[in-house]
Amino acid sequence: MKLALIQQKFHGTKEKTIAKTCKFIEEAAIKGAKLVCLGELHQSEYFCQSENVDFFNLAQDYEKDVKFWAKIAKKHQVILITSLFEKRSAGLYHNSAVVFEKDGSIAGKYRKMHIPDDPCFYEKFYFTPGDLGFNPISTSVGKLGVLICWDQWYPEAARIMALKGAEILIYPTAIGWFDKDKKDEKQRQLEAWIAIQRGHAIANTLPVVTINRVGFEEDKSGVEKGIRFWGNSFVFGAQGEEIFRANSKDEFCKIIELDLKKCEELRRWWPFLRDRRIEYFGDLSKRFIDE
């Protein structure tokens, strides 16, 4: 599989940002990518830094956005993973990944399941938790286990995708630092983020692809200064080997080639799924196990 990661920043307006994204997609197609992966909520600023009902207006164009990206996928003959603010009904919104086939048809959709609620990440105000479950999306390049950002901290989500036949795990992401944090704390946060996802690759014997944004975006409420998105988009192989890792500043379109057949070979030697003691895993469905 030849795929493209597009690490990008917000360019001040939706129009300017989309224009840059489309240039990157064209570049990816010219270089032979069959799958193009975009970051979380890539059309807009990361608006969840504050609770403001006006930001719900960003979802008004959801249907138009779907049609637009369908045309882009068809134009460049690529499978395209987008991340859109979905208005499902009045007062009901989702953080959704819509996956398009190379003919522009919708291959599938995933609604973000795990929703954070932290300073500058007030997503529970905007997003209803997903109700489509953890289901791989079948495409002409394989079964894609698409999850979104906060999902990446949960081994259960990755595991279910693997158990349902996902051939790769893909995480559109928007995560970054607060400038006021100390340098060593920033490094711990970054390395924890990378380590947990590397673990998903190893535990499930699947490649993991994560696409993060870059650039500083201010908190318009004035409560905090804002978020400096840390980039570091990456690809890990099915044994946790680092295939690619970006820096924390640059926008780019990076082409990566993966051999998905290698996963089956590895699972024959490392049969983690075979040796799972599923008859004793019932407690995992509990919030906490009180003594």
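Okay, let's start with Thr 82, which touches Leu 38, His 42, Trp 69, Ser 96, Ala 97, Val 98 and Phe 100, leaving aside residues up to four places away in sequence; contact here means heavy atoms within 4.5 Å. Before I go on, this is a predicted model, where local features need pLDDT of at least 70, side-chain atom pairs count only at pLDDT 80 or more, and totals for chains, interfaces and linings use all residues. Residues are numbered from 1 along each chain as its sequence is written, and side-chain values use heavy atoms, with hydrogens and water left out.

So where does Thr 82 lie? Thr 82 is in strand β3, residues 79–89; helices (H or I, at least four residues) and strands (E, at least two) are DSSP runs, numbered from the N terminus. Its relative accessible area is 0%, so Thr 82 is buried, meaning under 20% with a 1.4 Å probe, protein chains only. And the Thr 82 side chain gets to the backbone oxygen of Val 98 at 2.8 Å.

Now, the backbone. Most residues other than glycine have a negative phi. Which way does Leu 41 go, positive or negative? Positive: its phi is near 50°, and it's not a glycine. You'll find Leu 41 in the loop between β2 (35–37) and α2 (62–76). Leu 41 counts as buried because its relative accessibility is 2%.

Then there's Cys 120, also not a glycine, with a positive phi of about 70°. Cys 120 sits in the loop between β6 (117–118) and β7 (121–122). With a relative accessible area of 1%, Cys 120 is buried.

Key
Buried < 20%, exposed > 50% of the residue type's maximum accessible area, 1.4 Å probe, protein only. Polar contact = N/O pair within 3.5 Å; in protein donor to acceptor, adjacent residues only side chain to side chain.
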